[in-house]
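Please work through the following exercises on charged side chains with the sequence and the model open beside you. Each task sentence is followed by a solution that goes step by step.

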Amino acid sequence: QVQLVESGGGLVQPGGSLRLSCAASGSIFNIYAMGWYRQAPGKQRELVATITSGGSRNYADSVKGRFTISRDNAKNTVALQMKSLKPEDTAVYYCYADLLQVGFTTAGDYWGLGTQVTVSS
């Protein structure tokens, strides 16, 4: 069994900052990629940022220069530092991991339950 647990969401004013964190736990053999997706009301879930075990990062164009993703491979954690937040960043943010469980032969996608980020004055 694998769990991804997010923390750090909340209400912030436009221009403010928030830091999201996610910890993966359970019978994990290896984590290939971790990242963050978000889903705003009435919209599809979209990629925010991902990072591989080697440190390669990928960002959505809408967050480049404002968000920074980081990862601690030893602790199976991923974080998202968000700055210069805008109202359009309001969404539920989901932690994601592409990982291989102990005893399995193929990797799979795992998701956290999500954390709400609201940017409003």
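**Exercise 1: a pair across the chain**

Step 1. A salt bridge here requires a side-chain nitrogen of Lys or Arg within 4 Å of a carboxyl oxygen of Asp or Glu. The model is a predicted one, in which local features need pLDDT of at least 70 and side-chain atom pairs count only at pLDDT 80 or more, while totals for chains, interfaces and linings use all residues. Residues are numbered from 1 along each chain as its sequence is written, and side-chain values use heavy atoms, with hydrogens and water left out.

Step 2. Asp 89 sits in the loop between strand S8 (77–82) and strand S9 (91–101), whereas Arg 38 belongs to strand S4 (residues 28–39), so that the pair links distant parts of the chain, 51 residues apart (strands are DSSP runs of E, at least two residues, numbered from the N terminus).

**Exercise 2: extending the network**

Find which residues are linked with Asp 89 in a network of salt bridges.

Step 1. Arg 66 also forms a salt bridge with Asp 89, at 2.8 Å between the closest N and O atoms, and both of these residues are buried.

Step 2. The network links Arg 38, Glu 46, Arg 66 and Asp 89.

Technical notes:
Helix = DSSP H or I, 4+ residues; strand = E, 2+ residues; numbered from the N terminus. Buried < 20%, exposed > 50% of the residue type's maximum accessible area, 1.4 Å probe, protein only.
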